[in-house]
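Reader: I've just opened this one and I'm new to it. Could you walk me through it and tell me how the terms are applied?

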Amino acid sequence: MANKTDLKWLDMAARLAERGRPSSSPNPAVACVIVKDGIVLGRGVTQAGGRPHAEALALAEAGRAAEGADVFTTLEPCAHVSERGPTCSHSLAEAGVARVIIGCHDPDPRTAGSGIAALRAAGVEAQLVGHLPSAESLAGYLARAMLGRPHITLKLALSLDGCIALADGTSQWITGPEARAHAHRERARADGILVGGETLRADSPSLDVRLPGLEDRSSQRLVLTRGDVPDGWRALSSPQGVAELGDCQYLFIEGGAGAAAAFLAADLVDRLLIYRAPIVLGGGRPGVADIGLAELSAAHDRWQRSDTRSLGSDTLEVYQRIRS
């Protein structure tokens, strides 16, 4: 069984995987760490476009020292042959590693269990841990593979009384620069960013990433509407249309109230980011429109807070959808 030290190295790999998101698409952003005697010999993250894989990069960095080492990888090593390179399970076995500790099972039927089986057949000790941080680092890939849609985050920038704008629609700015910078960081982590039709018509948002060094991370722009859209935008006629987004693993919804309500009513939101400013608007525009709740009890036991932090004078609360 994996011990506390093993979990520490898997935690490290899960944090490292952040560097591969979202550029690794259509492949998952996997991270791999190779360790011997408490020393990191090699690290790797899936590169842009999906190749090289994380394990291949970590093995290349470790070289011959990988023999007898422990390998910590967030996702089961691939086992399907590709013209783009050898399977990671085969490469790890050839390198003579002693153990492979795996954070998450691969639902891809081309690998699903075959990677672990190949390692064990080659005499490598392979353990599947069921590591939550690894699964969280692969949330988009897992949602696409298992649910047929991207992992969806809804962002709301609100006043203390739950408004996103004054009654006349003025919304710049509810939150301060630190919170807005964090929201741009979230944009940089997404394959697609969506707003509602009313937001597009009223604000003509650029939805680009305006953080130094991350300007090239600007994502596909989407709008929830049945009408025509400008060049450079893609229309979705309903929330269920996210299933048609192909290789999109992470979708970031920025508003407005109608789009937020549509996705919440369809139960397609997996993560909530609530940026709350210390202001009261009174009579402003609410952050979420009617979502069709008939009873108050139906609103409970749906969301679990996973993080709270201060961003300048604002507060960010992160919630995860509780699913059975």
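Reader: How many salt bridges are there between domain 1 and domain 2?

Author: The count is two salt bridges. A heads-up: this is a predicted model, where local features need pLDDT of at least 70, side-chain atom pairs count only at pLDDT 80 or more, and totals for chains, interfaces and linings use all residues. Residues are numbered from 1 along each chain as its sequence is written, and side-chain values use heavy atoms, leaving out hydrogens and water.

Reader: Where does each domain run?

Author: Domain 1 covers 4–144 and domain 2 covers 150–321; such bounds come from an automatic or database domain assignment. Their centres, taken over C-alpha atoms, are 33 Å apart.

Reader: How many residues are in contact across the two domains?

Author: 15 residues of domain 1 are in contact with 16 residues of domain 2, where contact means heavy atoms within 4.5 Å.

Reader: What is the buried area between them?

Author: Domain 1 and domain 2 bury about 1,300 Å², 39% of it on carbon and sulfur atoms. Buried area is the accessible area (1.4 Å probe) that two parts lose on being put together, summed over both. Arg-21, Pro-22 and Arg-144 supply 51% of what domain 1 buries against domain 2, more than any other three residues.

How values were computed. Salt bridge = Lys/Arg side-chain N within 4 Å of Asp/Glu carboxyl O.
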